Amino acid sequence: VSKKLDHIGIAVPELTAALEVYESALGFELEEIEEVPAQKTRVAFVRSGDIRLELLEAMNDASPVSKFIAKRGPGIHHICFQVEDIAAELTSLKAAGVRLIDETARPGAAGCLVAFIHPAGTGGVLLELSQHLSPSKQSGTE
Ligand code: ZN
């Protein structure tokens, strides 16, 4: 089953400053700002045509995002693929021996089911899988 690029996650030190650049200067459209308390992270989704970015800001020092920035600096944090059936994807990844962060999908931002794949097996890139649960399944923009 083919996958689609859903979004690229970028760890930023400060969301307002990042939006200043992506929204005001680069012309991205702000879709939503959401707090993800479980990850102690505040995220902003911005879009320009088919390009969708997730800007991630740590809410405190315990956030995985602040740990990421402390270790590697701000920058690309993860890449997210949109899949049709996340449970089936996770089953085949497990069968292939790929190291997963989430063995089962969990609710993510924007009403999606998500799961993360450990960067150890993917060339050092944290991968996110996302299944959109919206019943009106359309390709392209919605
Ligand atoms: Zn993401």
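Which element gives the most residues to the lining of the largest pocket? In this predicted model, helix H2 gives the most, with 6 residues.

## The largest pocket

The volume of the largest pocket is about 750 Å³. Its lining comprises 36 residues, of which Gln39, His77, His78, Phe116 and Leu126 are the closest to the pocket centre. Classified by residue type, the lining has 19 nonpolar, 8 polar and 9 charged residues.

Besides helix H2 (64-72), the elements that each supply at least two lining residues are strands E1 (4-11), E3, E4, E5 (75-82), E6 (106-107), E7 (112-117) and E8 (127-132).

In soluble globular proteins, nonpolar side chains tend to be buried together. Here the largest nonpolar core has 10 residues, namely Ile10, Val12, Leu15, Ala18, Leu19, Phe28, Ala44, Val46, Leu53 and Leu55. Two or more residues of this core come from each of helix H1 (15-25), strand E3 (41-48) and strand E4 (51-58). The largest share, 3 residues, is that of H1.

## Contacts of Ile10

Ile10 belongs to the largest nonpolar core. Leaving aside residues up to four places away in sequence, Ile10 touches Tyr22, Leu53, Glu54, Leu55, Leu56, Gly75, Ile76 and His77. Among these partners, Leu53 and Leu55 are also members of the largest core, while His77, another partner, is one of the lining residues closest to the centre of the largest pocket.

Notes. Residues numbered from 1 in each chain as written. Predicted model: local features only at pLDDT ≥ 70, side-chain atom pairs only at ≥ 80, totals over all residues. Heavy atoms only, no water. Core = buried A, V, L, I, M, F, W, Y, C linked by side-chain atoms within 4.5 Å. Buried < 20%, exposed > 50% of the residue type's maximum accessible area, 1.4 Å probe, protein only. Helix = DSSP H or I, 4+ residues; strand = E, 2+ residues; numbered from the N terminus. Contact = heavy atoms within 4.5 Å. 1 Å grid on protein atoms, 1.4 Å probe; cavity = no way out; pocket = protein on both sides within 12 Å on 5 of 7 lines; lining within 4 Å. Points joined across faces, edges and corners; volume = space filled by probe spheres on them. Nonpolar A, V, L, I, M, F, W, Y, C, P; charged D, E, K, R; others polar.
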